[in-house]
Amino acid sequence: MPQKRIPLEPGQIYHIWTHANGDENLFREDENYRYFLEKYAYYVYPIVETFAYCLMPNHLHLMVRVRKEADLLKRDLDLTGFQNLSGLVSKRFSNLFNAYTKAYNKKYNRMGSLFIRGFQRKKITNREYFSRLIVYIHNNPVHHGFVEHTNNWPHTSWHAYVLNRGTKINREEGLKWFGGKKAFKQVHKNLNPPNLVSVFDG
């Protein structure tokens, strides 16, 4: 019997991840990463606050908090056909993956699904999990051997935290969990990616 999917409830924080079907890649070139984030801003940003993301060639990780119910209702979202806001949030993520797949298939003259069926999610329930998950997501390219340092992989939210530039990442709250930017960098340096990987799914 299939496992019951965790609902994405207003006000709650989640680790979300998914990957490509089989041996395919989700991203083949820099333009793909840029386009995915553009669609993310359109479909998902209105319904979640983002604390961390990492886009890898064949998979991706997100850490988000679903906006509170009052905030969602203020955004005048179309709730037609949804019994609750959790269904709407899940649909927005599905819309993102479907829209990206459609554009990807057209660009590379391919057919069929690009992502595995059903994106994975896990609710974040404590403070330690919160900070360790951000480090895990940013260190994903290091763990998989693509780069030697988080700073060298361009497709993560690490750069939004360490550089003083505009961002849609909830940088201020994220840094508070670490005690500031200096501590943020130090924790990323101290936590060993191979040890982190055993803590999280995906």
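Four strands, paired in the antiparallel sense, make up an open sheet whose order is 2-3-1-4. Two strands count as paired if DSSP finds at least two bridges between them; helices (H or I, at least four residues) and strands (E, at least two) are DSSP runs, numbered from the N terminus. The edges of the sheet are strand 2 (48-55) and strand 4 (120-123), each of which pairs on one side only. On average, neighbouring strands of this sheet are turned by 20° against each other, direction ignored. Such angles run from 0 to 180 degrees between N-to-C directions, and the axes are lines fitted to C-alpha atoms, for helices over the stretch in contact.

The model is a predicted one, in which local features need pLDDT of at least 70 and side-chain atom pairs count only at pLDDT 80 or more, whereas totals for chains, interfaces and linings use all residues. Residues are numbered from 1 along each chain as its sequence is written, and side-chain values use heavy atoms, with hydrogens and water left out.

The protein chain contains nine helices and four strands. Read from the N terminus on, its elements follow the order β-α-β-β-α-α-β-α-α-α-α-α-α. Of the 202 residues in the protein chain, 47% are buried; buried means under 20% relative accessible area, exposed over 50%, and partly exposed in between (1.4 Å probe, protein chains only). Among contacts with a separation of 6 or more, 70% are between residues 24 or more positions apart, a contact being heavy atoms within 4.5 Å.

The pairings of the sheet can be followed strand by strand. A hairpin of three residues connects strand 2 to strand 3, and these two strands pair in the antiparallel sense over seven bridges. Strand 3 is also joined to strand 1 by seven bridges, again antiparallel. Met63 in strand 3 stands opposite Ala52, and Met63 also stands opposite His15. Strand 1 (residues 13-19) pairs with strand 4 in the antiparallel sense over four bridges, and Tyr14 stands opposite Lys123 in strand 4.

Strand 3 (59-66) is mostly covered, eight of its eight residues being buried. In a regular strand the side chains alternate between the two faces of the sheet. Here His59, His61, Met63 and Arg65 point one way, while Leu60, Leu62, Val64 and Val66 point the other way, and all are buried. Helix 4 (residues 127-138) lies across strand 1, strand 2, strand 3 and strand 4, and runs at about 35° to strand 2.

The largest nonpolar core has 57 residues, of which Phe36, Tyr40, Leu60, Met63, Phe93 and Ile134 touch the most other members. Such a core is a set of buried Ala, Val, Leu, Ile, Met, Phe, Trp, Tyr and Cys residues joined through side-chain atoms within 4.5 Å. At least two residues of this core come from each of strand 1, helix 1 (30-43), strand 2, strand 3, helix 3 (85-108), helix 4, helix 6 (158-162) and helix 7 (171-178). Helix 3 supplies the largest share, 10 residues. Leaving out residues up to four places away in sequence, Phe36 touches Phe27, Leu55, Leu60, Leu96, Phe97, Tyr100 and Phe115.

The largest pocket holds about 310 Å³ of space. On a 1 Å grid over the protein atoms alone, a pocket is an open set of points where a 1.4 Å probe fits, with protein on both sides within 12 Å along at least five of seven lines, and lining residues have an atom within 4 Å of a point. Grid points are joined across faces, edges and corners, and the volume is the space filled by probe spheres set on the points. The lining comprises 16 residues, with Leu37, Tyr53, Thr167, Lys168 and Ile169 nearest the centre of the pocket. Helix 1 gives the most to this lining, with three residues.

Finally, the loop between helix 3 and strand 4 includes Asn109. Most residues other than glycine have a negative phi. Asn109, although not a glycine, has a positive phi of about 55°, and Asn109 is exposed, with a relative accessible area of 74%. Gly112 is placed in the loop between helix 3 and strand 4 and counts as partly exposed, at 44% relative accessibility. Apart from neighbours within four places in sequence, Gly112 is in contact with Thr101 and Asn105.
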